[in-house]
Amino acid sequence: MWMLLVLSYGIIKGIREICKKKALDKYSVIEVLTVYTVLSTLLLLPTIPDVGGLGTNQYLGIAFKSFVLFIGWIMGFKAIKHLPISMYGVLDLSRVLFATFLAITVLHEEPTVTKTLGTVFVCAGLLFLKFNPSAIKDSAARTNTLTDISIAKGSTAWYVALALISCVLNAVSGLLDKILMGTMTSTQLQFWYTLFLSIYYCLYVLITRTRISKAVWKNGWVWLLAILLLVMDKALFIANADPDSQVTIMTLIKQSGVIVTILAGKLIFKEKDIIHKLICAAIIIVGIILGVL
C-alpha cells in the first residue's frame with residue numbers, strides 16, 4: 001500500500017510540474033509560491049482541531065523542514081521557469097542520489113545490490129541527458145559566435161545548478177518527513193509545515209517589498225498547484241508513517257513523474273529532442289524497478 005501511495009505521489013508530482021510551468025508563464029516565482037502556499041494553508045484550516053498537541057522540538061523540526069523547502073522551492077521554481085520542462089523533469093531525478101546517500105548515512109538503510117544497480121541506472125540516465133551530441137550540435141548551429149555559445153551555456157548551467165541544489169534540499173526534506181512522521185500524524189505535519197511555509201514566503205514578500213498581483217489569486221493553475229500539493233503530500237506522509245517504508249525505495253518510486261513531464265514537454269510545450277529524453281527516462285525507470293525489487 002505504501003508503494004502505491006508513493007507511486008500516486010510521483011504521478012501527481014509530474015502533473016504538478018506542468019502546473020508550475022503554466023503558472024510561471026505570467027507571474028514571478030515569488031508570486032506563485034506565496035499565493036499557492038497561502039491557498040494550501042487556507043484549504044487545510046478545517047483540520048485545525050486535529051493538529052494540536054505537539055512539543056517544542058516537534059514544532060522546531062517542522063519549522064526547519066519548511067525552511068529547507070522555502071529555499072529549495074525558490075531555486076526549483078526559478079529553474080523550471082527557464083529550463084525545458086522535460087529537461088527539468090529528468091534533472092529532478094538526481095534527488096535519488098542525494099536521498100539515497102542520506103538514507104544510508106542517517107537512517108542506516110541497507111544498500112542492497114538491487115538498490116545499488118538502480119542508482120547506477122539513474123546516474124547513467126542523467127549523464128546521457130547531459131552529454132547529448134545532437135543537442136550540442138543544435139546549440140552550436142543556433143549561435144553565430146563563440147561568445148554567444150559561451151553565454152548560452154553559462155545561462156543554462158546556472159539554472160541547472162539551481163535545479164540540482166533544489167534536489168539536494170528536497171532530499172533533505174524527504175529525510176525529515178520520515179523522521180518527523182515517527183512522532184506525529186500526517187494531518188499535523190501537513191498543516192504545520194504548510195503554515196510555516198506560508199509565513200516564510202509572506203515575510204520574504206514584506207522584506208523585499210515584492211508586489212503580488214491580484215490576478216494571481218484568480219489563476220486556475222495556482223489553485224490547481226495548491227490542491228495537488230495537499231493530495232500528494234497526504235499520500236506521501238501516510239506512506240512515511242508505515243514502519244516498513246524505506247526512503248531509498250520511496251525516492252526511486254517518486255521519480256515515475258518524469259514520464260509525465262517528458263510527455264507534457266512534447267504534447268503541451270512542443271519541445272524538441274523528446275526521443276532522447278524518453279530514452280534517458282527509460283534508463284532511469286529501469287533503475288527505479290531494480291531499486292524496488
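User: What order do the elements of the protein run in, from the N terminus on?

Analyst: From the N terminus on, they go α-α-α-α-α-α-α-α-α-α-α-α-α. Keep in mind that this is a predicted model.

User: Which residues of α2 and α3 meet?

Analyst: From α2 you have Val 29, Ile 30, Val 32, Leu 33, Tyr 36 and Thr 37. On the α3 side there are Trp 73, Ile 74, Phe 77, Lys 78 and Lys 81. Sorted by class, this contact of α2 with α3 has eight nonpolar, one polar and two charged residues.

User: Why is Thr 194 called buried?

Analyst: Its relative accessible area is 2%. Buried means under 20%, so Thr 194 counts as buried. Thr 194 lies in helix α9. Leaving out residues up to four places away in sequence, Thr 194 touches Thr 37, Ser 40, Thr 41 and Leu 44. Across the protein, 52% of the 293 residues count as buried.

User: Which residues touch the most other members of the largest nonpolar core?

Analyst: Those are Tyr 36, Ile 62, Trp 73 and Tyr 193, in a core of 55 residues. Helices α1 (2-23), α2, α3, α4 (85-91), α8 (146-180), α9 (186-208) and α10 (220-241) each give at least two residues to this core. Apart from this core lies another one, of ten residues, including Leu 5, Ala 239, Val 247 and Ile 249. In soluble globular proteins, nonpolar side chains tend to be buried together.

User: What is Tyr 36 in contact with, leaving aside its neighbours within four places in sequence?

Analyst: Tyr 36 is in contact with Arg 16, Trp 73, Phe 77, Val 222, Leu 225, Ala 226 and Leu 229.

User: How many of the contacts with a separation of 6 or more come from residues 24 or more positions apart?

Analyst: In this protein, residues 24 or more positions apart account for 90% of those contacts.

Notes:
Residues are numbered from 1 along each chain as its sequence is written. This is a predicted model: local features need pLDDT of at least 70, side-chain atom pairs count only at pLDDT 80 or more; totals for chains, interfaces and linings use all residues. Side-chain values use heavy atoms; hydrogens and water are left out. Contact means heavy atoms within 4.5 Å. Helices (H or I, at least four residues) and strands (E, at least two) are DSSP runs, numbered from the N terminus. Ala, Val, Leu, Ile, Met, Phe, Trp, Tyr, Cys and Pro count as nonpolar, Asp, Glu, Lys and Arg as charged, and the others, Gly among them, as polar. A nonpolar core is a set of buried Ala, Val, Leu, Ile, Met, Phe, Trp, Tyr and Cys residues joined through side-chain atoms within 4.5 Å. Buried means under 20% relative accessible area, exposed over 50%, partly exposed in between (1.4 Å probe, protein chains only).
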